[in-house]
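I am keeping these notes while I look through one structure.

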Amino acid sequence: MNAAVVKRTQEALGKVIRRPPLTEKLLSKPPFRYLHDIITEVIRMTGFMKGLYTDAEMKSDNVKDKDAKISFLQKAIDVVVMVSGEPLSAKPARIVAGHEPERTNELLQRIGRCCLSKLSSDEAVKRVLAGEKGDLKGRSSLMSKSQELDNKNAQEEEPRVHKDKEDKRNSEINERSISRDRKQKEEVKEESKAGEKDKEKEKTKENDRERHKDAERDKHRDGERERARNRTKQDRDRGNRDRDKDLDHERERRNEGGKEKERWKDRERERERDKTRDRDRDRRKLKDGEHSRDPDREKSREHDKPEKKSSSSGEVSKKMPDGSLKDSKAETETELSTRASRSVATKASKRRSKNAVE
């Protein structure tokens, strides 16, 4: 399709509506849904053809079948022909089928000029709703002289409008450029903020990890302290047990020592008793020996008594080889005492040997 036709459509409708976008791709082969959106947006923005469609027809989802689409486009063509007073060669059936894009663009251009000329469509809407069709061969009877004048003025103003449009387009380009630069700056700023947020999050995570590590270290230290306390307590308990055992052994040793001492004392007492018994026995033997002496000897001892009395000492003396005298009675007692001591010593030695064996 000729690009000039698309450009004219963009210039005519670009001042009337902002959406849908008037792109070359869509205008080169406009689908019905796209045409429906353009017509409903024109009605909403300018009021042109207002009342021509029902609320259901204003929603594209309700205009699905082919007949409904043809009826929708036919109404718009009839109103535009009546208002503009100029015929249109566009056929609704061909438009719905996707053919004749140039004639479809001609319809859109005519709608744009009617809106820019601020032509009223109220009477035309009523007539179309009453069933009247637009006159394709000549001017419609609706066209008045004032409308013809307005159309003429509109045609004269087209160059001026074109220039205004160019100025506006340049202004929009500048605005878009400024907006783009501003947007880029904002994006850079947002990225910077996002980077700072990421750094802050990373820092927070790092702090959380450090706190977690500190908690783990504290927990480990507490565990070590608890184990050390347990070990100390165990060592203390073990020391107490060992000390108690030592005390028990010491008590046992003391008890054994006391018992041994008692046994030793008993042995000493027994030994003393034995010594006493031996001395008593020796004394008795000595006395018994004196009583059993020879009577003749006693008599001679009696005859010798005067001699003893006459002697200076009054006792029988015996002269020792070294010239000293020794009492015979003292000698006898000494011999008996020595014999008794030997007997006691022998018995004590035997008793000690017996105790040692036990």
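**Entry 1: α1 and α6**

I looked up how α1 passes α6 and found a left-handed crossing. The model is a predicted one, and I keep that in mind for each entry. I then took the two axes: those of α1 and α6 come within 8 Å and cross at roughly 25°. Angles under 35 degrees count as roughly parallel, and α1 and α6 are therefore roughly parallel to each other.

Next I listed the residues that meet. From α1 I noted Val 5, Val 6, Arg 8, Thr 9, Ala 12 and Leu 13. Their partners in α6 are Glu 102, Asn 105, Leu 108, Gln 109, Gly 112 and Leu 116. By kind, the residues of this contact of α1 with α6 divide into six nonpolar, four polar and two charged.

**Entry 2: Glu 11**

I stayed in helix α1, where Glu 11 is found. Is Glu 11 buried or exposed? Its relative accessible area is 18%. Buried means under 20%, so Glu 11 counts as buried. I also checked Glu 11 against Gly 112, which is 101 residues away along the chain. Their C-alpha atoms are separated by 8.6 Å.

**Entry 3: α4 and α7**

I repeated the helix check on a second pair. The axes of α4 and α7 come within 9 Å and cross at roughly 135°. That makes α4 oblique to α7. As for the hand, α4 passes α7 in a right-handed crossing.

Lys 75, Asp 78, Val 79, Met 82 and Val 83 are the ones in α4, and they meet Ala 124, Val 125, Arg 127 and Val 128 in α7. The residues of the contact of α4 with α7 divide into six nonpolar, no polar and three charged.

**Entry 4: the largest nonpolar core**

Val 79 made me look further. Leaving out residues up to four places away in sequence, I found that Val 79 touches Met 49, Leu 52, Ser 121, Ala 124, Val 125 and Val 128.

Which residues of the largest nonpolar core touch the most other members? The core has 39 residues, and the answer is Ile 38, Ile 39, Val 42, Phe 48, Met 49 and Val 79. The elements that give two or more residues to this core are α1 (3-14), α3, α4 (66-84), α6 (101-116) and α7 (122-129). The most comes from α4, with nine residues.

**Entry 5: Glu 41**

I went to helix α3, which covers residues 32-46 and holds Glu 41. Glu 41 has a relative accessible area of 8% and is buried. Which residues does Glu 41 touch, not counting those up to four places away in sequence? I found Ile 17 and Arg 19.

**Entry 6: the whole chain**

Last, I stepped back to the chain. How many helices and strands does the secondary structure come to? I noted eleven helices and two strands. From the N terminus on, the elements run α-α-α-α-α-α-α-α-α-α-β-β-α. The chain has 358 residues, of which buried residues make up 22%. Of the contacts with a separation of 6 or more, 63% are accounted for by residues 24 or more positions apart.

Notes:
Residues are numbered from 1 along each chain as its sequence is written. This is a predicted model: local features need pLDDT of at least 70, side-chain atom pairs count only at pLDDT 80 or more; totals for chains, interfaces and linings use all residues. Side-chain values use heavy atoms; hydrogens and water are left out. Helices (H or I, at least four residues) and strands (E, at least two) are DSSP runs, numbered from the N terminus. Buried means under 20% relative accessible area, exposed over 50%, partly exposed in between (1.4 Å probe, protein chains only). Contact means heavy atoms within 4.5 Å. A nonpolar core is a set of buried Ala, Val, Leu, Ile, Met, Phe, Trp, Tyr and Cys residues joined through side-chain atoms within 4.5 Å. Axes are lines fitted to C-alpha atoms, for helices over the stretch in contact, and angles run from 0 to 180 degrees between N-to-C directions. Angles under 35 degrees count as roughly parallel, over 145 as roughly antiparallel, 65 to 115 as roughly perpendicular and the rest as oblique. A crossing is left-handed if the near helix is turned anticlockwise from the far one by less than a right angle, and right-handed if clockwise. Ala, Val, Leu, Ile, Met, Phe, Trp, Tyr, Cys and Pro count as nonpolar, Asp, Glu, Lys and Arg as charged, and the others, Gly among them, as polar.
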